[in-house]
Amino acid sequence: MFLPPELLPKLLSTLGLGDLPGGKLTLSSVLEINSDTVSDKPAQSLEQLPWTFLRKLMMSNLNARNIKCAKDQPMYDYKYTDDTDDSDAFNPLDLITALFHCSDPFLQQEMVSKMTMCQFAVPLLLPNCDTQQSTLMLWAMRDLVKKCRPHSLAGDRAFVEGRIIEMDIPMVSFVRLGESSLRKSQILNKLLTNPQQHNDTFVHCDMEGGDVPRRISDGLVEVSWYLPCGSTNDLFTQPVAIANLRGDGRLFKTQISFLYKTSAAVFIFSDDLEGDLSTLNNRESRAELFLATNSQSKTFNMETLKDICMKHKVKETNVIIKKKKNDAEFVKALRFHVSSVIGKNLIKMKVEDMAAVSQCVGILVDEDCTECANGRAKAEGITRHVQDVVTFKEYQLPLHGEIWKEISQLEKERCRMRCAGKDIESYKSSLKTKEETLRKKQQQKAVSEAMVKFIGAISESGTQRLYFLKWLKIQLDTLSRHNLSTLREQYKNCCRDTPQNKGLIADLDEKISNCSLGPEHFFRELGQLYECYCSLPENNPARQAVQDLPALCAQILLDGFPVELVDGDASNVPMKWIKEVLTQLHQLVDTKSKILVLTVLGVQSTGKSTLLNTMFGVQFAVSSGRCTRGAFMLLIKVSEELRSELKCDFIMIIDTEGLKSPELATLDTSYEHDNELATLVIGLSDITIINIAMENSTEMKDILQIVVHAFLRMKEVGKRPRCLFVHQNVSDMSAHDSNMRDRKKLMEQLDEMTRAAAKMEKKVANAKFTDVMDYDPDKDSYYIPGLWHGTPPMAPVNSGYSEAVYELKKTLIDSLQTSNNIMNNNAAEFLEWIQGLWNAVKFENFIFNFRNSLVADAYTDLCTQYNTWEWSFQSEMNNWLITKETRISNFGVTEKNVQMNGLRTRLRELLHDASKKLNEEEQKILSNLDKYFQKKDNKTRLVEKYRQDFRTSANSLRQQMEMSMKHSLEKAVEIREGMEMVNKIKNKTMDTIEKKVSKLKEYGERKLSEDGLTKEFEKMWEEIIFELSEVRMPEIDVYQDVHHLLRSNLSLKSGYVSEMLNTVDLRSSGQGKFSVKTEWFSDWTSYAKRSGSASTPINANSFIAEIQNICDCIIRHCDSLISDHISIMKRNNTGYNDTYIRDILKAVDDQVKPHELISEKCATYLKFHVCGCAAKLFQKTHKEFNVLNDPQKRLMESKPIFLEKFLESFSEKDQCQKRAKQFTETCVKPAVEDSVSKHLGQAIADHMMMGDEGLIYSTRTHFLYDLLKQLLHEDSFQKYKEYTTSNEIFVKNWIKEQIIKKMSSGKQMQQLETNLLSEIVKKITATITSNSKSMDIKEFIPKFCSEPKDQLVFHRDALDDFLILINANTDQFAINLKKFIEEMESHLTEGYANKTGISHITEKITHLPSKPHDLLFTRLCGCGEQCPFCGTPCEAGGQDHKTHFSSMHRSRAFAGRYSKKLMIDICTTLVISDGRFRNSETNNEWHPYKEYRDFYPDWEIAGDPSMETSDYWKYVLMKFNNEFAEAYHAQPADIPDDWKTLTAEDALRSLRKSFNRQ
Ligand SMILES: Nc1nc2c(ncn2[C@@H]2O[C@H](COP(=O)(O)OP(=O)(O)OP(=O)(O)O)[C@@H](O)[C@H]2O)c(=O)[nH]1
Ligand SMILES: [Mg+2]
Ligand SMILES: [Zn+2]
Ligand SMILES: [Zn+2]
């Protein structure tokens, strides 16, 4: 028959395989996740057929070969049509042949491996219908590993495991010559399986599509193996290979002659006995010949048969005749003959050896390509030298052996401090030194020969590298197979049969790990090579030599190879290596590296790897017995079209080592190891599959415990992975329903475990499993039947298994599309997670040690946002308050004729308004917060757990604000009321004058001369003086008032305090310097306790110095408060009011409160001192006020003005201009200036927060970072001392300095003032225009004053003086007033411009009524808490958070200052050590540092995994050790050696790192 050439390309292109990128189909393109991955629909077109097949095949689906296009779906109503249009129908064999033709060698291998899992026959010789050239598919079968138990070995339970192409298995071939009515393939299927367990090994004509004429697959030789399992049911007692030639053998002479030369027997099927049977004459063959024919066929003739047997020398016994319709007898006969052939043990040829035969007969071998050969040679170059695995590893892969294990131990010890002695910081330093020594040791080992070769080989181009890696794996497997498979089998049996024999299990476990050698060990070595050279200086050639390795490894990861994430032997993550690999990966894919992570966890050997392999078609190591070690990650591409839907570019699958149940946990660290592994991978994954094999459900319970802990921890760090439970080996189809009860039980167990775990992790709020994670027992439970249908090795994969796994995959991918709980981290972010998680895992106290820069970033972002809302809340309320205070001050001044008792009503109204306004503003913050969290992006998800903190903070901010506003408003009212007495006097004076003057008007009519008028005025004036001679300003005894207030302030204190009050003389107590006296502190010991270790005796001098320091600070604070009050008195011309003293007492109370050191006695004396001072000053100021406001005196002073006005009132001249000028000078200008200065504070603060530098003030963390950085730069002991001793005051001054620095540079201050000024001027000018219309001047002025609503406070006296005897044309006055106000503006502006020097600015800022540094400080002070051990301030955002934390703690030397010697211990080390502390909180009982939360539940002190975090403070202490010692009257600290080498750069680096400012 002549086949038209080019048939194959044509057929390929109908299948859509004609034009493949790169020419071949690759494994990764098949594994890619695309929209078809989970579509159930049958292929819609021929182009989809190959993909449907491959997808099913990769999932080991037995139905993979049932291919049919949707459009030729059954037409069951035949209707007698002749319509058998089969143009679209496809024979599965054609499809398989086509696919093998267009697949690359690696996909071919994978197809073969999946096909054998399904027990499908695989191609041995692949025909090419165009060239008539067959290919031996040796490479494709290279990786097939099979296990069997021939009956000769059955006795001792031994088995044979190996690469099938290397096994000596006899092959029996089946060939059809001419026509045959025997359905060969069908019969072969029956030959190979029990009738009870029928399986279609070969495609036959009764299968869907099996009857479609073959187009390209004639000449295909398929092979399948029968492997006995050692049971009596075995069909053959020895392994046998069955080869099946497709098509008429007469046309395929080459194939036939190949089969003759390689088979032990050839069975010829033929009916056409008269036809050409010349092939039977092939006498080179040693193969035994059999002839099978059908006596039922029409052409059958016994005579002819006999002739033929004679002619072709076929033994009579070798003729098999099918005599009955039924196949059974015939198959039995065949089976008998096959058995006898293999029983004779004549010819056994390895598939590997068939290559030689191929060459003889002109068949190609797929391994005959340079790349494959090179790969093989390169791999052999390495493996040739392996004599003994253990020795090889020791000499050729030395870096990751014991050294790496030791380093791992050290890294963990640094976090656990289990063996720390007394001097823990030195111990910690010694660990670091040890580690460095080990790294040096690693560096000293030259790169081994094997590694040089390995690196060389993996640096080759794509295919070459793939061949090399595959060959390496194959060869290494072969090397270690024998040992390993026996060990694994023993291990499995041991775990099953004698789990109590822990010694043996541990032994086997170790042996397995020692004997294993695979490519992963080379990669592990590569990682260590990179890690140890990384610590070399950058220009070191060795370091440069390893620079490219991570990129190489990243590429390999992209190629679809699993890369080790956790080294299961050392139980550690090579972090520097992984970090660099992932970073490179991120770059390689152009930063399109969003990853979705899926993990599987479960008891060992429960088919976890198998599950993943089935689900994604990947190739994780699978074997019975302990197999996977540590954790491996593998990437699967997501197709472009699905990326946005799945929100990721890759799916990362992590396969993990099976967890051991505690009974098996023999080594005491293995439970720990499991725990670490589970926590890490659960933390990394978006979806975790918990694999439960039904038979292991009790073991599972213990594993769940580990898992629940891990989930709980994840919740605490803001991650909620999805969790699925997969129950394996559940055969019942109705499993889901019938297992409802089990599910309920599992749920109960999980809840119980959650409670237990929550208790252990001290997070008792979690009472249910569902509190910890998103889990719906009904939706998230899957039941998967057993993997094998029957007994391996002959069993195919259970179709139920593959289907159930497919369902699982489908739901998984579906849920990914809808879920919004996925992190979608990119590789770089993923990396941050790994680092954070692994660091935390290394501590025993995971939850409190989780630090991750992503979370930190997200938190900072939230804080920054929240702070802006908080800021606008505060400034809004501050401005509101200023206007309301103004209104109160103006009460009865600009609005005449109001009753004084109306003021209280007004206050109530204002308070009501305030609370309404506060509500609104609070609501604004809350809704902003909600909006922020509605975004549901990565950032917000990470900080979800802080949401409530910020809500609470908003609420408490509101409450604080309400309190302080109430206080301010009441104070304003009280002051206003206090002035009323004086005002009454003033009113009386004015009334008298008014009356008298109007009487004088009569004289005006008499037209007196100026002299006459003056005389009259003098007369009247004397009368006034006389009438008012009795009126006096009220005297106040401030001292007495203070005494009274003190008594009520101290009334709750012990009796002796009021006694003190009786003896104290306030007049003298405010004099001189306040000095702390030792006798005020009776109970010395209680202070000693605070130092943390009672063993160090208290140092009295340093203690008193400390107290003195604190008191001095408080006094300074009160002094500035007093001077503020005094300036208010002076500015507003008001007298003393007792609110001032109450303010001051409250300030003292507030300031003393955080300092427990200050005894009651000391505090009382302090109050006496402060109040004494205050009383003296207030008394003085009040006296001045009285003198200034004395009616007689004021009358005397104003007499000339009155006279002038009096005289003017009679003249005809309009006084507009003069009056307007006067009004501007005496009333408007002071009011305007006052307004500007009131608003200036807020404006300056706002200004500070703008621009780039404003970032510093955006959150406390930013601010602290900047402050510490500047301190480092300034390098001043004094400043450090102040910072560490009186944090708040130092910070406040610091802010003030920053403000002054900024405001005095350029014209910033001037600008702000000018802006405020022009704003207010604009407002008042506007009122002039709107009011002046036809109004009497006496009406106009008050109206004008009250109009710029609540903006200006007019000076009462000036206004009074002005209003009297006023007489002017309003319109004219208004015009003039406008002009003068303009003049005033430019005058004031000029004034601002002239006062821009530092001293002016300082002066101004210090005396502002609302001080910008106070405003900023309140914003930045946070909660004001300090670390109970070292005094570092809390950095958490909002005022009201659940937990306090600091980025960087410091030595206790900076806080525990009363010891004889400065202490270097740092709390971040203390809390992970076994050390103990005691103080007044613990009732002086020793308490372990690890349990510090028993006493300080609000503090979160994270252990420090690195050595560098506190380098900043180590450096400071090292540098100023002597100075601090001197200041605290103690001996200098013993500085560990490695601290001494620290430099300012180190300090800065640690600062950056701690504050996440890389
Ligand atoms: N009978 C049966 N065997 C299974 C099933 N699933 C997996 N296996 C076999 O069990 C063995 C172990 O499977 P693996 O996938 O390596 O198991 P694993 O959980 O990854 O094992 P480790 O990684 O060592 O913990 C393999 O030989 C599988 O073929 C199943 O459902 N039924
Ligand atoms: Mg595994
Ligand atoms: Zn601390
Ligand atoms: Zn706090």
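Biologist: Why is Phe 1168 called buried?

Modeller: This is a predicted model, and in it Phe 1168 has a relative accessible area of 1%. Buried means under 20%, so Phe 1168 counts as buried.

Biologist: And what makes Tyr 1165 partly exposed?

Modeller: Its relative accessibility is 30%.

Biologist: Which aromatic pairs could we check next?

Modeller: The count comes to 51 aromatic pairs. One of them is Phe 267 with Phe 290, at 4.3 Å centre to centre and 5° between the planes.

Biologist: Why is the pair of Phe 267 and Phe 290 called stacked?

Modeller: The centres must lie within 6.5 Å and the planes under 30 degrees apart; with 4.3 Å and 5°, this pair is therefore stacked. Phe 267 lies in strand S8 and Phe 290 in strand S9, so the pair ties together parts that are 23 residues apart in sequence. Both Phe 267 and Phe 290 are buried.

Biologist: What makes the pair of Tyr 1165 and Phe 1168 edge-to-face?

Modeller: Their planes stand at 85°, with 6.1 Å centre to centre.

Biologist: How do you know that the charge of Arg 1450 sits close enough to the ring of Trp 1513?

Modeller: The charged end of Arg 1450 is 5.1 Å from the ring centre, and the distance cut-off is within 6 Å. The charge does sit over that ring.

Definitions and conventions:
Residues numbered from 1 in each chain as written. Chains lettered and ligands numbered in written order. Predicted model: local features only at pLDDT ≥ 70, side-chain atom pairs only at ≥ 80, totals over all residues. Heavy atoms only, no water. Phe/Tyr/Trp six-rings, centres within 6.5 Å; stacked < 30°, edge-to-face > 60°. Helix = DSSP H or I, 4+ residues; strand = E, 2+ residues; numbered from the N terminus. Buried < 20%, exposed > 50% of the residue type's maximum accessible area, 1.4 Å probe, protein only. Lys NZ or Arg CZ within 6 Å of the ring centre and 35° of its normal.
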